[in-house]
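Here are my notes for a first look at this structure. Please read them with the model open.

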Amino acid sequence: MRITADRSRCVGSGNCVRTAPGVFDQADDGLVRLVGGTLSGEDARNAAEAASLCPAAAIFLTPQED
Amino acid sequence: MPDAARRTPAAAHPDRQPHDLPGLPLTRECPYHPPRAYEDLRDRGPVTRIRLYDGREAWAVTGHAAFRSLLTDERLTVDRDKAEFPDLVRVLALARPGRHHAMRALLRTDPPLHTEQRRAMLPSLALKRVQSRRPALQAAADRLLDGLAARPRTEPAELISAYVRPLVATGMTEILGLHGPDGSALHDLLHRHFDLVPPLDDFLRSLLARMPDRPGGDGLLDDLAAQVRDGRLTTEQFVHYGTVLVVAGQDVTISTIALAVLTLLVHGDELDRLRAGEVPWSRAVEELLRFLSVTSGLVRVALADIETSGVVIRAGDGVVLLNPAANRDPGVFEDADRLDLRRRHGNHVSFGFGVHQCIGQNLARLDVEVALSRLFERFPRLRLAAPVDEVPVRQGLVFGLGALPVRW
Ligand code: HEM
Ligand code: SF4
């Protein structure tokens, strides 16, 4: 699964960092920063949950063939 | 679009009887359940017409999906300059408009201005920076609990003034970066004043003037002061942002913690699960936030027609989004009216949704978790000193307890 985050939409809630700490972090400005771009297993499940909890619809997931 | 869904504002029907629509229920019959009449609203649909106390009509949102989609809809505004706002209660109407101009920052601005304001405050409220305050907050909790333990057990204690309020104030001073005398000054101010806006204005102005003399600070006010020195913020913005943060963050957090203590004491089986380590505190906090949901509702106005959940919200219509109702949506939460600390979910809307979602939520979670875990670990025999139905409550836009008498 491929993941992208749109920093221009992000409102810095920190929800994604709490939900999928292996995938997201907040940069010094408080906006989302990706830790890794391609995921599998538990990280992918957590990232999917984080995307649904993002209050600003700033997280996008696309399935990817390996 | 079904015809029945086409509604016109009250003004167009001056002859309409006031009893043709339900009112906005604001009174809780039980401290830890939303007003029962929310369920009557839900029966009418996830987005339904209501009449406010002053006769005006508005839409009430009880459905979880509609709550989230409307709060991410740019056609709803929070800006009082763009639209006439519905008042939920008479008190607010009296307090309007200009007196609390400071309180318009963030809460009453739309993007792009809102984005700019929010970003100025974000860095110090990021999850990890907030969590780095945990040891300081725990130490403060333990000191307050030492004070409580030293009291004679013959008399009950009032837990809000002895513990909850000073602890939440400490969380705030930590985040703001106020230590020593400045921290004590803010504590004092929070305890002494009912209307916090004027004293906070004075406090923040004089603090900013002294800021250059206290370098090396690591809090939100230090971040903001640096932006004032860079010319990115004005003194006015510094004062307004600081004020909004303190005012928006105090009462809700105090109410949530006090109500959570009462709720856990009443739900002994759930409390036992926590004590036995079956449920981590962080998960319990999410369920308590969902279950208690102390804000009654969020208010918006439509700038254009919006079709949602089978109705059409017309441009100019007021919309009241009821967090406690969305948090009890039976289509999203199984057995929604039951407190179940084992529930795994993150999708409660107690902090709202969309660009205004609580900017202080990371601090709020830390405050609640530290307050509850320290208290219940320290006093395993903690109990209410009055029957639950005699504990005084404060009904209103933020539901809370008037006092919390306990024995330990
Ligand atoms: C359990 C405690 C808390 C609850 C239930 C809560 C709830 C909320 C809700 C529902 C909103 C959204 C308002 C709207 O959309 O109209 C909000 C926004 C806000 N909250 Fe909290 N809050 C809590 C704690 C805090 C704390 C501790 C702070 C300060 C550190 C804070 C500061 C703010 C601010 C400044 C906003 C406006 C954000 C914006 O408009 O972008 N809150 N809060
Ligand atoms: S959940 Fe969304 S808004 Fe919040 S920090 Fe992550 S990307 Fe930003």
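Which side chain makes a polar contact with the side chain of B:H348? Keep that in mind for point 1. One caution comes before it: this is a predicted model.

1. The contact of B:H348. The partner is B:E286: the two side chains make a polar contact at 2.8 Å. B:H348 sits in the loop between α14 (323–326) and α15 of chain B. The residue counts as buried because its relative accessibility is 6%, under the 20% cut-off. Leaving aside residues up to four places away in sequence, B:H348 touches B:E286, B:L289, B:R290, B:N327, B:F333 and B:R365.

2. The shell around ligand 1. Look next at the ligand. It is surrounded by 26 residues, and the closest are B:H114, B:R118, B:R300, B:H356 and B:C358. By type, the shell holds 15 nonpolar, 9 polar and 2 charged residues.

3. Polar atoms at ligand 1. A polar side-chain atom of B:H356 is 2.6 Å from an oxygen atom of the ligand. For B:R300, an N or O atom of the side chain lies 2.7 Å from a ligand oxygen. B:L106 takes part through its backbone: a polar atom there is 3.2 Å from an oxygen of ligand 1. Which elements of chain B give two or more residues to this shell? They are α4 (113–121), α11 (235–266), β5 (298–302) and α15 (361–378). The most comes from α11(B), with 7 residues.

4. Is B:L106 buried or exposed? It is buried, because its relative accessible area is 7%, and the limit for buried is under 20%. B:P112 also has its place in the loop between α3 (90–95) and α4. A cis peptide bond joins B:P111 and B:P112, with omega at about 5 degrees.

5. Another positive phi. B:S309 is a residue other than glycine, and its phi is near 45 degrees. Its loop runs between β6 (306–308) and β7 (311–313) of chain B. B:S309 counts as partly exposed because its relative accessibility is 39%, and that class lies between 20% and 50%.

6. The interface of chain B and chain A. Here 19 residues of chain B are in contact with 21 residues of chain A. The buried area is about 1,500 Å², and carbon and sulfur atoms give 50% of it. On the chain B side, B:R119, B:L122 and B:L127 lose the most area to chain A, together 29% of what that side buries.

7. How many salt bridges does the rule find between chain B and chain A? There are 2. In a salt bridge, the side chains of B:K128 and A:D25 meet at 3.1 Å, N to O. On the side of chain B that touches chain A, α4, α5 (127–131) and α15 each supply at least two residues. α15(B) gives the most, with 3 residues. That side of chain B divides into 6 nonpolar, 7 polar and 6 charged residues.

Definitions and conventions. Residues are numbered from 1 along each chain as its sequence is written. Chains are lettered from A and ligands numbered from 1 in the order in which they are written. This is a predicted model: local features need pLDDT of at least 70, side-chain atom pairs count only at pLDDT 80 or more; totals for chains, interfaces and linings use all residues. Side-chain values use heavy atoms; hydrogens and water are left out. A residue is near a molecule or strand if one of its heavy atoms lies within 4 Å of it. A polar contact is a pair of N or O atoms within 3.5 Å; within protein, one must be able to donate a hydrogen and the other to accept it, and residues adjacent in sequence count only if both atoms are side-chain atoms. Helices (H or I, at least four residues) and strands (E, at least two) are DSSP runs, numbered from the N terminus. Ala, Val, Leu, Ile, Met, Phe, Trp, Tyr, Cys and Pro count as nonpolar, Asp, Glu, Lys and Arg as charged, and the others, Gly among them, as polar. Buried means under 20% relative accessible area, exposed over 50%, partly exposed in between (1.4 Å probe, protein chains only). Contact means heavy atoms within 4.5 Å. Buried area is the accessible area (1.4 Å probe) that two parts lose on being put together, summed over both. A salt bridge is a side-chain nitrogen of Lys or Arg within 4 Å of a carboxyl oxygen of Asp or Glu.
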